[in-house]
2 protein chains.
Amino acid sequence: MYFDVASTAPLHPVARQALTAALDEGWADPARLYRSGRQARMLLDAARETVAEVLGCRADEISFTASGTQAVQLGMLGALHGNRRRGRHLVHSAVEHSSVLHTADRHQGAGGEVTAVPVDRHGRADPAAFAAALRPDTALAVLQSANHEVGTVQPVAETAARCGDVPLLVDAAQSAGRVDVPAGWSLLAASAHKWGGPAGVGVLAVRKGVRYASPLPADEREGGRVPGYVNVPAIVAAAASLRAVRAEAARENARLHELVERIRARVPRLVPAVEVVGDPVRRLPHLVTFSCLYVDGEVLLGELDRAGFAVSSGSSCTSSTLTPSHVLAAMGVLTEGNVRVSLPFGTAEADVERFLAVLPEVVAGVRAPLGLDLAPPAGGEGLPAAGPREGAGAGSEHPETSGPITDPLVLDALGKRCPLPVIELAKRIGEVPVGGTVVVLADDEAARLDVPAWCGMRGQEYLGEAPAAEYGGDRGSAYLVRRVS
Amino acid sequence: MYFDVASTAPLHPVARQALTAALDEGWADPARLYRSGRQARMLLDAARETVAEVLGCRADEISFTASGTQAVQLGMLGALHGNRRRGRHLVHSAVEHSSVLHTADRHQGAGGEVTAVPVDRHGRADPAAFAAALRPDTALAVLQSANHEVGTVQPVAETAARCGDVPLLVDAAQSAGRVDVPAGWSLLAASAHKWGGPAGVGVLAVRKGVRYASPLPADEREGGRVPGYVNVPAIVAAAASLRAVRAEAARENARLHELVERIRARVPRLVPAVEVVGDPVRRLPHLVTFSCLYVDGEVLLGELDRAGFAVSSGSSCTSSTLTPSHVLAAMGVLTEGNVRVSLPFGTAEADVERFLAVLPEVVAGVRAPLGLDLAPPAGGEGLPAAGPREGAGAGSEHPETSGPITDPLVLDALGKRCPLPVIELAKRIGEVPVGGTVVVLADDEAARLDVPAWCGMRGQEYLGEAPAAEYGGDRGSAYLVRRVS
């Protein structure tokens, strides 16, 4: 069962048919004047009309890119360059796709300024906070339509209304085709393979009147915005599948919403020590994410794969950089044992039931060797005492105690990867009396999120973070926990 | 008959089969750890090995881009950025693909320096001249493997041998798959749809040890060189067709070479007042270009299209910018009535014969209303008296006469598009006595090339160019011609 449509959707049957037909009819260079060239041009024009209609804009506002990432990069850099007389300040939410964050990094590296607006514990950007980050020299604001890791739908229309004349780029990669694009965007980015179209097609829409200056060398194709030979067959397939998906969405969204609701409600009952993350109400219909305490995400994904389920994870162990997802970090939630389930159109109820039947065994199997107490704490599971952490993961904060705690139990988890520091903490906190303090020394980035999350879930008190050197560590941080039960 | 494979090749059957199979087997995200993701990764790895083998490099030197243009842009900007400590000087031949010229423009606009090395009348860059353009601060040199408009094969290996430690980017878009890539490149760019692969795939190869710094925001995919979701099915199809084409090339190249030789030899015999351009010996097997005096390129292409032949043109009337091809301009050859014939693998001899049968009638039909003398001049047709024009089209030169000619016949062709200024000249030169002078006032860029070319072909003497104002024109240039026969 493929439950990772948020990474890429299986090719929609309509896309496959359109692709096959367009390989025959639209293979020639649409810039050429002979018959096969004109035919390719007509197919391209028709595809542009279709995409414009579904996205709610004019055909001449649409440029086709090679990917959603390219649409984001060109959209951001082009709008920043086009609006450079306003200034060089960029605003985006802290939970944007990595393509947005990397483009922001590049902008900052070139002398621009960047403000990342924090999100709440559900991953939602507050329109007022977003608006407050805007300045007279803000050249561009960027906000996703919905989050790709936790499914939270962002308040785009409310935010757009507060942006005034600052252009707003909406990254609609996770929602285009499935739900209507919210009003108010100046630039829009999307990706065909996310909605069931082929790989190799992204969409960059730029509203008439929005200043844009291409960051790339000149090229007359795609309105001067996207250099390179135009991939007509893939664009035709992308457009055909977008229309098809949009038509199926009303029925499928309601059905998948219910299946996701089932997962959201039942996973916490079936699996102990689990945290379902993302907005429970303002969410994408087909996507749900949860994290399992004491579980290695990569091991969990491997076991689920063996059981026949393809899912994704924001745990650090599944990332090439060995850092936890910046989305989960910005939300301040547990990152270990993280699982993202995203259901394709047509997912059968029975397959979701099978997943719910398999998951508890799989998680239990991974946890079994640890021999840890998984019963809910006396006060019940709750959110971490620290609450939402603004700018979480950005640096160390000193705990509210004055100076180092005297005589704590110091656990050296330096060099140990997630979830080992938290497992160590869970195993040994019983060695101090109630009221006593445990210090976890760790250099794995995930510990910064997972130790506070563990405290919240297990009814212990998180005191804060200090330099590891204060407790004898030669690197990393010290995470202080008071035993309260 | 599709005779424009230099624009794009029809999809090779092997590419289509591989694409269909890879849409089934390689549709998932190759960065994912579950089974379908691992399978996509294996297909991608295998495709990379295949392409590396055919191009003669290591698999980890290959990055897949979205197009040949993107490969050129990233290759040039990445190498310029990576070698910026050497300096900011860029060298390329004057007949590179527009993607190279536009990237050079962008580099110059950002403060870099650019030298375009002139070519000879056959469009060939001289290795010694190329080497002479290199400086201690040269960060990159760019040379195509073969010219895309006239088929001239460039002396890449000889030039590379003279480049020393200056990295050489070879744009192999027109030859990859058809002929071996010449030795000596540091970076290589190619495009799958030119060899019969699908659109949406380019190749950027960067030799180990060549300095490269991505000009785009960070992205871990494709060795950090090409951001965006990797289009596995298209890449698999590109690799499969590259191998297939390379295997067929030996047989097809010889056959097409003979067919092109036939066109080269017979067109000047069948069509009066025609110039076949490009190197007659060091040339691509499948490509030939010629220009027809007094003929509007767009009209000619339209008539050939109606007769069933899809060909291309470098005439100004067929360009979106209404300027003649920079390649023909750099060669200093006739640009009006320009036709590029490029034969796909499998082109039947009978179809070439049919083209040779149809062409004379079509050209004669276009010329008939003009009532011009098309017989060869007394001394026979020849090259323009001015010979190869270095930096042709770059600006106006003053004729070698001192001051304005007295009492010439001034023909006002201002506002008239190619080929009208030359037609006007041909019609009216008889009005001056032998030894007399005709001045053509024209603001169409093509006149700068076509008036001298006409003189050469019609046995008249081209005196040079002067500001139009000297002869009563309010814009454009004055082209001076002395009647000698």
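# Cores, aromatic pairs and cavities in a predicted model

The structure holds five cavities of 30 Å³ or more, a cavity being a set of points on a 1 Å grid over the protein atoms alone where a 1.4 Å probe fits but cannot get out. This is a predicted model, in which local features need pLDDT of at least 70 and side-chain atom pairs count only at pLDDT 80 or more, while totals for chains, interfaces and linings use all residues. Side-chain values use heavy atoms, with hydrogens and water left out, and residues are numbered from 1 along each chain as its sequence is written.

- The largest cavity contains about 460 Å³ of space, where the volume is the space filled by probe spheres set on grid points joined across faces, edges and corners.
- Its lining comprises 35 residues, and those closest to the centre are A66(A), S67(A), Q70(A), A66(B) and Q70(B); a lining residue has an atom within 4 Å of a point.
- At least two lining residues come from each of β1 (62-65) and α3 (68-82) of chain A and β1 (62-65) and α3 (68-82) of chain B, with helices (H or I, at least four residues) and strands (E, at least two) taken as DSSP runs numbered from the N terminus.

**Nonpolar cores**

- The largest nonpolar core has 120 residues, and L55(A), I62(A), L168(A), L55(B), I62(B) and L168(B) have the most contacts inside it; such a core is a set of buried Ala, Val, Leu, Ile, Met, Phe, Trp, Tyr and Cys residues joined through side-chain atoms within 4.5 Å, and buried means under 20% relative accessible area (1.4 Å probe, protein chains only).
- A second, separate core has 42 residues, including L169(A), A71(B), A104(B) and A189(B).

**Aromatic pairs**

- Over all chains, a search of the whole structure finds ten aromatic pairs, in which the ring centres of Phe, Tyr or Trp (its six-membered ring) lie within 6.5 Å, with planes under 30 degrees apart counted as stacked, over 60 as edge-to-face and the rest as tilted.
- The pair of F3(A) and F355(A) is edge-to-face because the ring centres are 5.8 Å apart and the planes stand at 70 degrees.
- This pair links distant parts of the chain, with F3(A) in the segment before α1 (13-25) of chain A and F355(A) in helix α10 (residues 349-367) of chain A, 352 residues apart.
- F3(A) is buried, with a relative accessible area of 1%, and F355(A) is buried, with a value of 0%.
- The rings of Y34(A) and Y2(B) have centres 5.9 Å apart and planes at 85 degrees, so this pair is also edge-to-face.
- Y34(A) lies in the loop between α1 and α2 (35-55) of chain A and Y2(B) in the segment before α1 (13-25) of chain B, so the pair joins two chains.

Conventions:
Chains are lettered from A and ligands numbered from 1 in the order in which they are written. Buried means under 20% relative accessible area, exposed over 50%, partly exposed in between (1.4 Å probe, protein chains only). On a 1 Å grid over the protein atoms alone, a cavity is a set of points where a 1.4 Å probe fits but cannot get out, and a pocket is an open set with protein on both sides within 12 Å along at least five of seven lines; lining residues have an atom within 4 Å of a point.
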